[in-house]
Amino acid sequence: MATRTYSNLEFDLLRKWLDTNQDSTSEKITNELAELILKDYPSNRVLPTNSCMGSLHIALQTIGIGPGDEVIVDPIVTFAGMSVMYQNGVPVFADVDTNKMNVNPESIRNRITERTKAIICTHHFGSICDMEEILAIAKEHNLPVIEDCAHSLFALRNNKYAGLLGDFGCFSFNHRKQLSTGHGGFLTINNEEYAEKSKFTHFGRIPERINWNYNMPGVVAALAIAQWEHAKNYVKKDHDLAKLYTEAVEGCDWIVPQQIPEQNWCAYHIWAGVYKGDEKGIDYKEFMNALRTNGADYFLPSFIPYGTFGLEPSPVYLYPIFKEPKAYTKGCPTACPHYEGEVKYEKGLCPDAEYLVPRMLNTVLSPIEDERIKRYAEGLNKTIKQFS
Ligand SMILES: Cc1ncc(COP(=O)(O)O)c(C=O)c1O
């Protein structure tokens, strides 16, 4: 990615925050950030938050998800499923499209029951899900849709930004993301009723209902304001640099890049491919070792969902956090007296995700300098030639 660009603005805004009453300045700066984001993300409400997880949770709280409710999520990363459990709801995993690496709308349709209360779709790696189909299914069943846009700041579908397509968009400014403030994020709300309802989630006043402290600190907002315009260039740069990887695998039929639908402009937080060398008799471990020897040492050995390092790569429902009902100490949310359904987080639940996840060959673009990306892409190409 582009080396991050700083100016005096970061320091001026930080100084302003340090020099004045931090409490009132914090709120003012955070409101300024919301106004700035609103210009690019015209929605009913923009709420700066401390993280994408906080944004997801606020969206679920606003909808009113609670014990006994099911929310459909994807099985590649843990975040959507975990956020559902924050509200003691039951995550129901839909399968993915192995080429697009995003949730398969038909699988969402098949998972809907009378207990389904919402859908969360994650735009993996910067490529937006098939939202027209997802929104049509949601409309048929009167379900709100939450977009997890942690990978897809400034990503487009039919010229519209991710986060403006469903009812809610949840963004991350964490240390791995293109716009990084260390921690942080924001929430877009594209529905008047939810925008009004979400007001209780601002921590600090006496709320009508329990709320969590997900407010973005002013010091973080100051950095985000200063970085906002630059971030558009970082994303464009990643989009361009991703071509190096795609070109590196051109002509190779055993590493297939994520298929980006033609309606999409991908933000390429991560470049992803599917490794099919095993189907050609190419040993995966030998391939990975050669990649490293050839200088492409940043490729994750396979896509290990965040937070599960050390475990075999698999769809997240096979990890203990979901498989064993211990999110809340008394067996909830699945073994909960309010829950009238039955979910089994077992092998065979999402066959396409089970095929895909262990074969994913991913590399993050965001925090890596151009020179290294060039070196990794050359290393990838050299390794492919060696095994072809
Ligand atoms: C797809 C996705 N959703 C949510 C999150 C959580 O983001 P945050 O660290 O801002 O809570 C991440 C973090 O990397 C992510 O990749």
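Biologist: Among contacts between residues at least 6 apart in sequence, what percentage join residues at least 24 apart?

Modeller: In this protein, 71% of them do. Keep in mind that the model is predicted.

Biologist: What share of the 388 residues counts as buried?

Modeller: The buried share is 48%.

Biologist: Now a helix. Which residues of α6 are buried?

Modeller: Start with the general idea. An α-helix has 3.6 residues a turn, so residues three or four places apart point the same way. Now the case. Helix α6 spans residues 131–140, and Met131, Ile134 and Ala138 are buried there. They cover an arc of only 65° around the axis, which puts them on the same side of α6.

Biologist: Which exposed residues does the face turned away from the buried side of α6 carry?

Modeller: That face carries Ala136, Lys139 and Glu140.

Biologist: What covers the buried residues of α6?

Modeller: The cover includes one helix, α5 (105–111). It also includes the strands β4 (116–122), β5 (145–148) and β6 (156–157). Look at the end of the helix too. Just after α6, Asn142 takes a positive phi of about 55°.

Biologist: On to strands. In what sense do β4 and β5 pair, parallel or antiparallel?

Modeller: The general idea comes first. Strands of a sheet pair through backbone hydrogen bonds, either parallel or antiparallel. Here β4 and β5 pair in the parallel sense, over four bridges. For one of the partners, take Ile119: its bridge partner in β5 is Val145.

Biologist: Which way do the residues of β5 point?

Modeller: Val145 and Glu147 point one way from β5, Ile146 and Asp148 the other way. All of these are buried.

Biologist: What is the strand order in the open sheet of three strands?

Modeller: The order is β7-β6-β11, with antiparallel pairing. At the edges stand β7 (160–161) and β11 (264–265), each with a single partner strand, so one side of each is left without a neighbour in the sheet.

Biologist: How many bridges join β6 to β7?

Modeller: Two bridges join them, and the strands run antiparallel. Leu156 has Tyr161 in β7 as its bridge partner.

Biologist: Last, the ligand. How many residues surround the ligand, and which are the closest?

Modeller: There are 14 residues around the ligand. The closest are Ser51, Cys52, Phe79, Ala150 and Ser172.

Biologist: How many residues of each class does the shell around the ligand have?

Modeller: The shell has six nonpolar, six polar and two charged residues.

How values were computed. Residues are numbered from 1 along each chain as its sequence is written. This is a predicted model: local features need pLDDT of at least 70, side-chain atom pairs count only at pLDDT 80 or more; totals for chains, interfaces and linings use all residues. A residue is buried if 20 or more other C-beta atoms lie within 10 Å of its own, exposed if 12 or fewer, and partly exposed in between; C-beta atoms are placed from the backbone. Two residues are in contact if their C-beta atoms, placed from the backbone, lie within 7 Å. The arc is that of the directions from the helix axis to the C-beta atoms. A residue is near a molecule or strand if its C-beta atom, placed from the backbone, lies within 6 Å of it. Ala, Val, Leu, Ile, Met, Phe, Trp, Tyr, Cys and Pro count as nonpolar, Asp, Glu, Lys and Arg as charged, and the others, Gly among them, as polar. Two strands pair if DSSP finds at least two bridges between them.
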